Amino acid sequence: MTEVVDTRAELVKLSRILNVDVSELAFLETVGWQALREFRQQATDQFFVAAESRLKNLAAAAKLVPNPVIVKLAPKYFEPRMAAAVASLIDEEKALKLVPKLPVGLMADASVYIDPRRVGPLISKVPIEVAQRLAPILLEREEFITLGQFIDFVTPEMLAGLLPVVDDISLLRIAEVTENKAQLNVIMPLIDDARIGRTIQTAKEAGMLGNAVELLTEVSLEVRGRMVNVAAQQSDGVLDALVHAVHSAGSFAMLLPTTTWMEPQNLARFAKSKAFETADVMKGVVAAADRDDLWAAVVPLVPNFSDAGRREFAAALGNIDGVEKLVDAAAAVPALFPLILPLAADPIKERLAAAVGKLEVSEFERVVQSVIAANALTELLPIVPMLPKAAQERVSDLAANFDPTQMREALVDASENGVLPELLEVAAGMPLAAREQTVGIISDSADDDDLLGVTLEPDDQQNVWNQLLKLADDVPLPALEQLSQRAAFLPLDGVMPSVLKAAEATNEWTTSFAILSGIHKRAESEGVPLEFTVPARLIQMAAEKASETTDTTDSLWFAKALLAQYAKDDAYAKTFDDTAIHASAAVRGAAESAVQVSMGLIGEGTQPIRSVAAVVPGGKTVTDAVTGAADLATGLASSLFGRAKAASKAVSDAVAPKDPE
């Protein structure tokens, strides 16, 4: 647009010099404004040289004529073009005394022919009150081109005096056709933020935001940054329209660098513009960043995009190349790297992890340290499991350097942000001393911290226990006992099976037995029986693993008791490989120190029943048959009926009132 506007302005000025209608010069449009301006100035000089001797004689005579006489004769005998030419030759002191007294109409008529190269210095000294009388007439005539010629000579004092009489639209029009647009860098700082904001609003209402965008391309980055800061404070409608105008003009390469100049609150508001939630606009942003290597300027926008905007950005990045370029730009300035981590929660996280995984070892270490320093570890965690093994180990090494306060804060933050399993996986890779410290922190945590993942979804909660067993591997028994005591306060019907399932997933059976035994020890001190339901297959596997251990310490009480009970019903339990069973750990001192396991069916056919457990007077605990498989064959049900019936009778006898004798 600037090319077109400047070319049109040059044709208008040339038509006045040649005294022809501008339409007659339309054939010169293809020449371009630069060549047209050069030709216009040559033509002006030629006309001036041709009449210079006569003009000098006239200017010399003017020195002898009193100003009142000139003021009276000028309107009658001085044609505007001649008046403009003579103005450059009259003595400056005399001219400055004469100008305030000349008819404003004559000055307006002559202004369109004035050559700023010759008269500019005089214009800058014209009294402000004269300019205030002249400007409204030129504005009314829409002589924006004429006013734009004098922009180089506007002083701060003159600008302050003229702004109140120049409306916002005219201000845009004048700036648009200014010959020396570099002078806008001098002029714009003299206009206050309120006026700039109002002008942007007016431009939107008048459909001139495209003009405003073109002007932004003409000013320095500093001035542009200030103007975009102001724009970000306008209404949502204005801000959205401005971003769309930038996109329509293909000018994101001009706008993106301003992110480094924007105040945080303005940057956040700017990035959350609804315009950035549209696919076309976001594609324009990514295309500009890629074409002009502006990825570093895009980075500050990423954490400030709305969720919808970030999804569109992730989609616009396209293949891995775009993600790699973004990661490389952020990694080049490690302090910027945490800003791109919100993408780790998006569908793009796999590509993000792949790009991060390609960083050099030293570069990767620097960015992780910057993430930790920015307290943004929880945002990195979603992609850590996707990183190469060496990178995962390096994250664990860096986490091992946390002091207790840092680790506690990291655990709490991870729990609150739903990435506790990922942090525990990182912690599980730390050296023994750091893992022991972390286990202690979890054991000492407050109930509200939820460092055992109670509030997580079942799969994530199970993953917490999977990682906890890895974390607690080879940790000294006292630390495990503390962890067991913390776990004993949780809903045990969920915890006990989770620990066994975690042992199956991680093969950390010894650690799981120690934790379960610790839970039993806590329950023993409280006099509370432990009851839980697990797949028979898992009980079978646990018993088999217990038989392999050579540990005879009291820490494996649960494993030894389970093995003792399981040995009695080995063939029976294996029949129910896919069946949920009910197990009860008896309270020591109140009943036999064993894990009681029972299962069966009641009645005919395949109707399952729930297990029944009761604590009878005297502290004895009994457990009877539990859930059967819904699809067991009728023959199997019949063969087990007698055993189930006997178990039911045992329950009845146990809960029946005792004879006083």
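Modeller: Let us begin with asparagine 507, which sits in the loop between helix 32 (492-506) and helix 33 (509-526), where helices are DSSP runs of H or I of at least four residues, strands are E runs of at least two, and both are numbered from the N terminus. This is a predicted model, in which local features need pLDDT of at least 70 and side-chain atom pairs count only at pLDDT 80 or more, while totals for chains, interfaces and linings use all residues. Residues are numbered from 1 along each chain as its sequence is written, and side-chain values use heavy atoms, with hydrogens and water left out.

Colleague: Which backbone feature does asparagine 507 have, although it is not a glycine?

Modeller: Most residues other than glycine have a negative phi. Asparagine 507, however, has a positive phi of about 65°. Aspartate 450, also not a glycine, has a positive phi of about 50°, and its place is in the loop between helix 29 (432-443) and helix 30 (458-471).

Colleague: Does aspartate 450 count as buried or exposed?

Modeller: The classes rest on relative accessible area, with buried meaning under 20%, exposed over 50% and partly exposed in between, for a 1.4 Å probe and protein chains only. Aspartate 450 has a relative accessibility of 13% and therefore counts as buried.

Colleague: How should I read the salt bridges, and how many are there by this rule?

Modeller: Side chains of opposite charge can pair when their charged atoms come close. The rule asks for a side-chain nitrogen of Lys or Arg within 4 Å of a carboxyl oxygen of Asp or Glu, and by it the count comes to 25 salt bridges. In one of them, the side chains of arginine 141 and aspartate 109 meet at 2.8 Å, N to O. This pair links distant parts of the chain, 32 residues apart, since arginine 141 belongs to the loop between helix 8 (128-140) and helix 9 (144-149) and aspartate 109 to helix 6 (residues 104-111). Arginine 141 is partly exposed at 41% relative accessible area, and aspartate 109 is partly exposed as well, at 31%.

Colleague: Which residue does glutamate 365 meet in a salt bridge, and where do the two lie?

Modeller: The partner of glutamate 365 is arginine 394, with 2.9 Å from N to O. Glutamate 365 is in helix 24 (residues 361-373) and arginine 394 in helix 26 (residues 389-399), so their pairing ties together parts that are 29 residues apart in sequence. Glutamate 365 has a relative accessible area of 22% and is partly exposed, and arginine 394, at 23%, also counts as partly exposed. Arginine 394 forms a salt bridge with aspartate 397 too, the closest N and O atoms being 3.6 Å apart. Both of these residues lie in helix 26, three residues apart, which is about one turn of the helix, and aspartate 397 is partly exposed at 35%. Elsewhere, Glu10, Lys13, Arg37, Arg40 and Glu179 are linked in a network of salt bridges.

Colleague: Which residues are separated by 7.2 Å between C-alpha atoms while being 31 residues apart along the chain?

Modeller: They are leucine 139 and serine 170. Leucine 139 is placed in helix 8 and is buried, with a relative accessible area of 10%. A second pair to look at is serine 370 and alanine 331, which are 39 residues apart in sequence and 9.7 Å apart in space, C-alpha to C-alpha. Serine 370 is part of helix 24 and, at 12% relative accessibility, counts as buried.

Colleague: What residues make the nonpolar surface patch of about 280 Å²?

Modeller: That patch is made by Leu18, Phe39 and Phe47. Patch residues have over 30% relative accessible area and no salt bridge, with nonpolar side chains (Val, Leu, Ile, Met, Phe, Trp, Tyr) joined within 5 Å and like charges within 9 Å, and accessible areas come from the Shrake-Rupley method with a 1.4 Å probe, only the protein chains shown counting as cover for residues. Leucine 18 is found in helix 1 (residues 2-18) and is partly exposed, with a relative accessible area of 33%.
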